[in-house]
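Please consult the sequence and coordinates alongside the text.

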Amino acid sequence: MKKIVAINASPRLTWNTGTLVCEAARGAENAGAEIIRFDLYRLEPYSGCISCFGCKLPEHQGVCVCKDGLSPVLKAIRHADGLIIGTPNYLGDVSAAFRALYERLIFRSLTYKTEPRCYNTRRIPVLLIMTSNAAQTFYPQLGYDQMLARYQQTLNAMVGPAKLMICGDTLQVNDYERYDWTMFDAQAKRARHEAVFPEEMKKACGLGAEMVSGAWDTL
């Protein structure tokens, strides 16, 4: 049975990002996979890479030696057959929790040698989900498409073939009036969420199933 690690890198466990990660995991589970779930904001304290270079020592090559809340996550990914990870767009980038995991995940695989370039010899498919208040049509204008392309390129090189799923123009809160956010049409936001978000959930579920089926090519 394939093992798929599903990671929510949002502090909101059941909102847009968390829901789509769960749906992708459900699709993988329905296709016969075992799911290992993590909510990064519920883990014991951890940090990004501390540049100790322990992962470059002969006895630890490709393994992060820093012991903290991310240790079980990194271990699970190391033995997984696929990785689903979702993050909200915070200030034009990924969440801080995602970035910490990303640093630890990628840096442990860098060899700093001409050959091989990567310690990771077991490539697995990766689904990177991003949710955002900004609509996807604004991504090129805001530079978000280039930002995501860089993450995808690195994941392709160091972890395995990576696909992106973007869910934009999301419903940020149930009660917009409470915050007096005058730049939004709260009624339109709610209507779009009710009409569109269920389709995004179906898409995530389908991608999760596709990851398990083996028909996973880099976009």
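The structure is a predicted model. Helix H1 packs against helix H7 with axes 6 Å apart, and the axes of helices H3 and H5 come within 11 Å.

**Helices H1 and H7**

- Helix H1 spans residues 16–30 and helix H7 spans residues 186–213; the two pack at an angle of about 40°.
- The crossing of H1 past H7 is right-handed.
- On the H1 side, the contact involves Asn16, Thr19, Leu20, Glu23, Ala24, Arg26, Gly27 and Ala28.
- These meet His193, Phe197, Glu200, Met201, Ala204, Cys205, Gly208, Ala209 and Val212 of H7.
- Sorted by class, the H1–H7 contact comprises nine nonpolar, five polar and three charged residues.

**Helices H3 and H5**

- The axes of H3 (residues 96–107) and H5 (residues 144–158) cross at roughly 35°.
- H3 passes H5 in a left-handed crossing.
- H3 contributes Phe98, Arg99, Tyr102, Leu105 and Ile106 to the contact, while H5 contributes Arg150, Tyr151, Thr154, Leu155 and Met158.
- Seven nonpolar residues, one polar residue and two charged residues make up the contact of H3 with H5.

**Cavities**

- The largest cavity has a volume of about 100 Å³.
- Its lining consists of 14 residues, and those nearest the centre of the cavity are Cys49, Cys52, Cys55, Cys64 and Phe107.
- The lining of the largest cavity contains nine nonpolar, two polar and three charged residues.

- By class, the lining of the largest pocket has seven nonpolar residues, nine polar residues and one charged residue.
- The second largest pocket has a volume of about 210 Å³.
- Thirteen residues line the second largest pocket, and Arg78, Arg108, Asn120, Thr121 and Arg122 lie nearest its centre.
- The lining of the second largest pocket divides into six nonpolar, four polar and three charged residues.

Notes: Residues are numbered from 1 along each chain as its sequence is written. This is a predicted model: local features need pLDDT of at least 70, side-chain atom pairs count only at pLDDT 80 or more; totals for chains, interfaces and linings use all residues. Side-chain values use heavy atoms; hydrogens and water are left out. Axes are lines fitted to C-alpha atoms, for helices over the stretch in contact, and angles run from 0 to 180 degrees between N-to-C directions. Helices (H or I, at least four residues) and strands (E, at least two) are DSSP runs, numbered from the N terminus. A crossing is left-handed if the near helix is turned anticlockwise from the far one by less than a right angle, and right-handed if clockwise. Contact means heavy atoms within 4.5 Å. Ala, Val, Leu, Ile, Met, Phe, Trp, Tyr, Cys and Pro count as nonpolar, Asp, Glu, Lys and Arg as charged, and the others, Gly among them, as polar. On a 1 Å grid over the protein atoms alone, a cavity is a set of points where a 1.4 Å probe fits but cannot get out, and a pocket is an open set with protein on both sides within 12 Å along at least five of seven lines; lining residues have an atom within 4 Å of a point. Grid points are joined across faces, edges and corners, and a volume is the space filled by probe spheres set on the points.
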